[in-house]
Amino acid sequence: MTTAGAPPARWIALLASADLARAFTIAVFGAVFSAFAIERIAGRVTYASIVVALCVLGLGMLISRRREISLVRLVPTTVLLFVAWALASVFWSQDTSGSFWGWVSLFGLALLAVVIGHVRDTLQTVRALGDVLRVLLSVSLGMEILSGVLLDIPIRFLGIQGNIAQFGPVQGIFGTRNLLGFVAVIALITFLIEYRTQTVRLGVSVYSVVLAGGLAALSDSPTVLVLAVAVGLAVGALALVRHARPADRSALQWTFGGVVVAGLAVGYAARHPIIALLGAGSDFATRVTLWNTMVDYLRSKPVQGWGWFGPWDGAEFPFSAINYTLRTSHASGLNAYFDVLLQLGWIGLLLFAGLAGVALVRSWLDASQRRSVIYAWTPLVLIALLVDSMFESFTLTGFGWLLLVLCAVRAGQSRSWRERIDAGGPLLPRIQEAPGGSR
């Protein structure tokens, strides 16, 4: 005989199941990384509806796992403070409604990242992201071949110009070459971690790495080389730290920190020869002009900024004034740090830097001490996000923001003051190191 409580119990069991967690993670990555294509094919309302549905499902999953997850360790404080300040900015924004909906988008993607961070471990997250990026990059290559080789006409509604026969630049289904190049670098990190952990077959790993590397080159994005060099240096430094004796690691970490600071100083001093070497002189000049103009408008509200919008609304001040002054139609500040500064002021920039910096330090220390290479994924992705933020604002919206919050949640699970406060409470699922836990 069926009891009255049986149906709710079945729903709770389903929401807490590993199969649903895996499907949810793949669905989130698939939807957020495909945002441009979904909006161009089915409209922005369709994409927003998908994200809302995933948020509702994610809340149900967190509630069903409430005995496994401690409330005090649910979200890093740095994420809470940044999101809260963005919400507060609604009250002094020129367009309260537009700013509020921009914040809702920020909050919704952060919620999805928090859910993934608590229902999937690092290895499972990497496997899900790898599966999604393999499909999306393969589709991108297929559409480029269809447009540039088989049909020899642009596919305008997807922004595909059909330049693959001329070896680029290509955009794939991501809209711009810079976004495709950024996705390709994230994919390379993910695919190489998959290879090192042996979670996919060798043939799949080789195909994935060649696919991502090829599209990164074909994107002809000037930021790809910078990202590749930064991530490559980080890999080398992390390998040295991981293989050093425990007694020598602290000194080595401080040495690398000094090298990074010195490298940034040298890079800034030699920025003009470097830009000329990359062939990005005109592109960088455009960015510098934009940043200088943004700083001019920031002087009116240096502490709190003009209010959070995320992507620029071309009809709203100060974005409309900046574009009018420059005779352009920028959809972002082409730099995440300047964008945060313009929209949330110096307080917002400090909170954003704290969010990213704390997550990077925690994940780097964790990866340098853990045995499995899977823990290197988080700091390497963070480094790619933070370096790319110097040239684009991808980290503040879409999959960039999703990955940033996810990495912050992941880093906070292993190194946080909350562990001491919550020592007697429920423990989060331990991160698995064995490839067998990839499901």
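Among contacts between residues at least 6 apart in sequence, what percentage join residues at least 24 apart? In this predicted model, the proportion is 76%.

The protein contains 18 helices and zero strands, and 52% of its 439 residues count as buried.

Next, colour by pLDDT. The average is 84, and 87% of the residues score at least 70. Select residues 1-5: the pLDDT there is below 50, and the stretch has zero contacts in the model beyond near neighbours in sequence. Then select residues 424-439, where the pLDDT is also below 50 but the model shows 42 contacts beyond near neighbours in sequence.

Turn now to the aromatic rings, which form 17 pairs across the whole structure. Select Phe82 and Trp308: their ring centres are 6.1 Å apart and their planes meet at 80 degrees, so the pair is edge-to-face. Phe82 belongs to helix 5 (residues 77-88), whereas Trp308 lies in the loop between helix 13 (281-298) and helix 14 (319-326); the pair therefore ties together parts 226 residues apart in sequence. Both residues are buried.

Move to Tyr337 and Phe352, an edge-to-face pair with 5.9 Å between centres and 65 degrees between planes. Tyr337 is partly exposed, at a relative accessible area of 24%, while Phe352 is buried, at 0%.

Next, select Phe29, Phe33, Phe182, Phe394 and Phe399, which form one aromatic cluster.

Finally, select Arg327 and Tyr324. The charged end of Arg327 sits over the ring of Tyr324, 4.6 Å from the ring centre.

Conventions. Residues are numbered from 1 along each chain as its sequence is written. This is a predicted model: local features need pLDDT of at least 70, side-chain atom pairs count only at pLDDT 80 or more; totals for chains, interfaces and linings use all residues. Side-chain values use heavy atoms; hydrogens and water are left out. Helices (H or I, at least four residues) and strands (E, at least two) are DSSP runs, numbered from the N terminus. Buried means under 20% relative accessible area, exposed over 50%, partly exposed in between (1.4 Å probe, protein chains only). Contact means heavy atoms within 4.5 Å. pLDDT is the predictor's confidence in each residue, from 0 to 100. Rings of Phe, Tyr and Trp (its six-membered ring) pair if their centres lie within 6.5 Å; planes under 30 degrees apart count as stacked, over 60 as edge-to-face and the rest as tilted. A charge sits over a ring if NZ of Lys or CZ of Arg is within 6 Å of the ring centre and within 35 degrees of the ring normal.
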